[in-house]
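Welcome to this short briefing. Please have a look at the fold below, and then we can walk through it together.

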Amino acid sequence: MAGGGNDGAFMARALELSRQHLGLTGTNPSVGCVVVRNGEIVGEAVTAVGGRPHAETQALEIAGARAEGADVYVTLEPCSHYGHTPPCANALVAAKVARVVVCLTDPDPRVAGRGLSILRDAGISVEQGLMQEEGRRALAGYLTRQTKNRPHVTLKLAVSADGMLGRRGEEVTITGPEVKQAVFRLRAESDAILVGIGTVLSDDPELTVRIPGLEDRSPIRIVMDRKLQIPVTSKLVQTARQVPVIVLVGEQAASDETLAEKREQLREAGVEIVHCRDLASLLRTLAERGLSSLMVEGGAVVARAFLDAGLVDRIILSEGVVTVGVGGLESPVTASDMPREFTLIRSSELGRDRLFEYERSS
């Protein structure tokens, strides 16, 4: 065994690679692959931006002749179907690797064990299930879209010391710059971000990634705006040509003649207007567009709607030291009052604030 007792370390490296292109690989999963010969990494790669080429073919190309007899660590079962490129399982066979260690099998019905069978039939040793829990988190978006036909939904909330999200019609800064940077990184890993119209009217946010070098990783921005109240002068509308904006409206706002001029102004600015019946149909539509991860960022009403519909998979809760007081908007969840179906998986201190991450456990 070329990998020997270092299997965990090499798979951890593959998972680290996979996270680098979260939100950038289109409908394909962001997979990490590491090729190891005699305990040394001789090739490694992550699925390319846009989804091709795949991680395995890139890593094998880097390894070259050194791939023969090597161990390969990959975060998701190598593909077995012919699409725009030949199957990665076949490429591994052709490279004459000795052993393939797989974190997760692929739920895509075109693969679903077939990739592993190709490897075994060629005499390659196959092991699966190493670091599955970490793998499921790294590939949560892809797995949710494949198994539930919707994006993986992360609810992000910033809660004051007295359990408030802010004050109606007024922008209130609850957490510090360290949390803001963490939120930007979360946005960079998401395919889309969603807020309610209340957040737009009170904060006029941009909802972009403002980290040097990562500006081009801003996700699609979605606004739930049943009555089409979004101002044409808002930052979202004014930047819609640079980063896509989708406004979700009710049936009346989609056809009301008194709003015809505003709908046209928004479309001319680059905004897409979509009639939305309910959250479940919205998520199905996003999945059909190939979006695997959605970050719900704004508003007590929107947060409560997703929670009540059972459509939240993960909660990122930042807790500030600021007190909002009388007139505050109460958060639907706090660290001391979390729905029982969510389990705390990690917490950390960021400056003066605390950050909690919960996963749905049922």
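Contact here means that heavy atoms lie within 4.5 Å of each other. With that in hand, Val223 touches Val195, Gly196, Ile197, Val200, Ile230, Leu236, Ile246, Val247 and Leu248, leaving out residues up to four places away in sequence. Do keep in mind that this is a predicted model.

**Val223 and its strand**

- Val223 belongs to strand 9.
- Because its relative accessible area is 0%, under the 20% limit, Val223 counts as buried.
- Ser234 is eleven residues from Val223 in sequence, and their C-alpha atoms are 12 Å apart in space.
- Strand 9 (residues 220-224) pairs with strand 8 (residues 192-196) in the parallel sense, over five bridges.
- Within this pairing, Ala192 stands opposite Ile220 of strand 9.

- Nine strands make up an open sheet with mixed pairing, and their order is 11-10-9-8-12-6-13-16-15.
- Strand 11 (271-275) and strand 15 (342-350) are the edge strands, each pairing on one side only.
- From one strand to the next, the twist averages 20 degrees.
- Helix 7 (residues 177-188) packs on the sheet, where it touches strand 6 (152-159), strand 8, strand 12 (293-298), strand 13 (314-319), strand 15 and strand 16 (353-360).
- The direction of helix 7 makes about 150 degrees with that of strand 12.

**Tyr358 in strand 16**

- Strand 16 is also where you will find Tyr358.
- Tyr358 is buried because its relative accessible area is 5%, again under the 20% limit.
- Beyond four places in sequence, the residues that Tyr358 touches are Asp313, Arg314, Ile315, Leu317, Ala335, Met338, Phe342, Thr343 and Leu344.
- One of these contacts, Phe342, is 16 residues away from Tyr358 in sequence, and the C-alpha atoms of the two are 5.8 Å apart.

**Two nonpolar cores**

- As background, nonpolar side chains in soluble globular proteins tend to be buried together.
- The largest nonpolar core has 40 residues, and Val35, Val97 and Val100 touch the most other members.
- A second, separate core holds 31 residues, including Leu165, Ala192, Leu282 and Val302.
- Val35 is in contact with Glu40, Ile41, Val42, Gly43, Ala59, Leu60, Ala63, Ala67, Ala70, Asp71 and Val72, with its neighbours within four places in sequence set aside.

**Aromatic pairs**

- How many aromatic pairs are there? The count comes to two.
- Phe10 and Tyr73 form a tilted pair, with 5.3 Å from centre to centre and 40 degrees between the planes.
- This pair links distant parts of the chain, since Phe10 sits in helix 1 (residues 7-19) and Tyr73 in strand 3 (residues 71-76), 63 residues apart.
- Both Phe10 and Tyr73 are buried.

**Helix 13, face by face**

- Helix 13 (residues 300-308) has Val302, Ala303, Phe306 and Leu307 among its buried residues.
- Viewed down the axis of helix 13, the buried residues fall within an arc of 135 degrees, so they line one face of the helix.
- Which exposed residues does the face of helix 13 turned away from its buried side carry? They are Val301 and Asp308.
- Gly310 follows helix 13, and its phi is positive, near 70 degrees.

Terms used
Residues numbered from 1 in each chain as written. Predicted model: local features only at pLDDT ≥ 70, side-chain atom pairs only at ≥ 80, totals over all residues. Heavy atoms only, no water. Core = buried A, V, L, I, M, F, W, Y, C linked by side-chain atoms within 4.5 Å. Buried < 20%, exposed > 50% of the residue type's maximum accessible area, 1.4 Å probe, protein only. Phe/Tyr/Trp six-rings, centres within 6.5 Å; stacked < 30°, edge-to-face > 60°. Helix = DSSP H or I, 4+ residues; strand = E, 2+ residues; numbered from the N terminus. Pairing = 2+ DSSP bridges. Axes fitted to C-alpha atoms, helices over the stretch in contact; angles between N-to-C directions. Arc of directions from axis to C-beta.
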